[in-house]
Amino acid sequence: MARPRQFDEEQVIRAVRDQFWDAGYAATSLEDLVRVSGLGKGSLYGAFGDKHRLFLRALREYTDTSGGYLREMLASTPRALDALRAFVLAPVDDPGGAAARRGCLMANSTYELATTDPDVVAEARRTYETTTALVAECVRRAQDEGDLPRDVDPVETARALLAAQQGLVFMGRTGLDIDTLTATARTLATRLLPDA
């Protein structure tokens, strides 16, 4: 009879997610995963599979959680245009710039692995299409509220906003100082989402 697991699965996933997020996939060794998870190699692989499967699990949980936060933020902000601005400005939310330098796990993983890992490409496409749909819904709400013109295509606008936001994520990863990055983010938000 199998013994029950003696560890918190979510806590282990968060720990390995942070390791992959901080070091990247290639630079994360099995020893790193054992260290941050607190599990032995046999327990870690017995519970989660190999390094690649563990990475994909951590990445999927990250993207699902991030998507949930985005859905809630876009829906709960009273004015849709303000929610769209907050989406564009999200990469510069941290005034110290640490979050901008860390980037987004999905974006970082796409940059690192898109040419070699079809599973990461599939997860990136799923994530970015989900994000586009959520943002497009918010664009429609901004149109209904009279803050965006009716002739604006919601999906194309959502893709443009996502491209702008992900560009900021990339620039933040290069170590661009937070004041310059923030000024750039504000310019993008103003150009893409002018006051009605």
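This is a predicted model: local features need pLDDT of at least 70, side-chain atom pairs count only at pLDDT 80 or more; totals for chains, interfaces and linings use all residues.

Begin by selecting residues 29–48, over which the chain is 80% helix and 0% strand, with end C-alpha atoms 15 Å apart. Helices (H or I, at least four residues) and strands (E, at least two) are DSSP runs, numbered from the N terminus. The UniProt record, in an unreviewed entry, places the feature "DNA-binding region" at residues 29–48. UniProt positions are given in the numbering used here, feature names are shortened, and annotations may be inferred rather than shown by experiment.

Residues are numbered from 1 along each chain as its sequence is written, and side-chain values use heavy atoms, with hydrogens and water left out.

**The whole chain**

Now display the entire protein chain, which has 10 helices and 0 strands. Its C-alpha trace spans about 65 × 40 × 30 Å along the principal axes. Of the 196 residues in the protein chain, 42% are buried; buried means under 20% relative accessible area, exposed over 50%, and partly exposed in between (1.4 Å probe, protein chains only). Among contacts between residues at least 6 apart in sequence, 69% join residues at least 24 apart, a contact being heavy atoms within 4.5 Å.

**The nonpolar core**

Next, select Phe48, Leu84, Met106, Val135 and Leu161, which touch the most other members of the largest nonpolar core, a set of 51 residues. A nonpolar core is a set of buried Ala, Val, Leu, Ile, Met, Phe, Trp, Tyr and Cys residues joined through side-chain atoms within 4.5 Å. At least two residues of this core come from each of helix 1 (9–23), helix 3 (41–48), helix 4 (51–76), helix 5, helix 7, helix 8, helix 9 and helix 10. Helix 8 supplies the largest share, 9 residues. In soluble globular proteins, nonpolar side chains tend to be buried together.

Stay with Met106 and show its surroundings. Not counting residues up to four places away in sequence, Met106 touches Leu59, Tyr62, Thr63, Val120, Glu123, Ala124, Thr127 and Tyr128.

**Helix 7**

Move to Ser109, in helix 7. Is Ser109 buried or exposed? At 3% relative accessibility, Ser109 counts as buried. Its side chain reaches the backbone oxygen of Leu105 at 2.7 Å. This is a polar contact, a pair of N or O atoms within 3.5 Å; within protein, one must be able to donate a hydrogen and the other to accept it, and residues adjacent in sequence count only if both atoms are side-chain atoms. Leaving aside neighbours within four places in sequence, Ser109 is in contact with Phe55, Leu59, Ala114 and Val120.

Then select Thr110, which also lies in helix 7. Thr110 counts as buried at 18% relative accessibility, and its side chain reaches the backbone oxygen of Met106 at 2.8 Å. Beyond neighbours within four places in sequence, Thr110 is in contact with Val120, Ala124 and Tyr128.

**Helix 5**

Select helix 5 (80–89). Of its 10 residues, 7 are buried, so helix 5 is largely enclosed by the rest of the structure. The buried residues are Ala80, Leu81, Ala83, Leu84, Arg85, Phe87 and Val88. What covers them includes helix 4, helix 8, helix 9 and helix 10.

**Helix 9**

Continue to helix 9 (residues 154–173), whose 20 residues should span 28 Å at 1.5 Å a residue; the end C-alpha atoms are 29 Å apart, which agrees. The expected span is 1.5 Å times one less than the number of residues. At the N-terminal end, Asp153 caps the helix, with a side-chain oxygen 3.0 Å from the backbone nitrogen of Val155. Just after helix 9, Gly175 takes a positive phi of about 90°.

Among the buried residues of helix 9 are Leu161, Leu162, Gln165 and Leu168. The buried residues of helix 9 pack against helix 5, helix 6 (98–102), helix 7 (105–113), helix 8 (118–144) and helix 10 (178–192).

**The cysteines**

Finally, select Cys104 and Cys138. What separates the sulfur of Cys104 from the closest cysteine sulfur? The closest is in Cys138, 19 Å away, too far for a bond. A disulfide is a pair of cysteine sulfur atoms within 2.5 Å, and a search of the whole structure finds 0 disulfides. Cys104 counts as buried at 16% relative accessibility, and Cys138 is buried with a relative accessible area of 3%.
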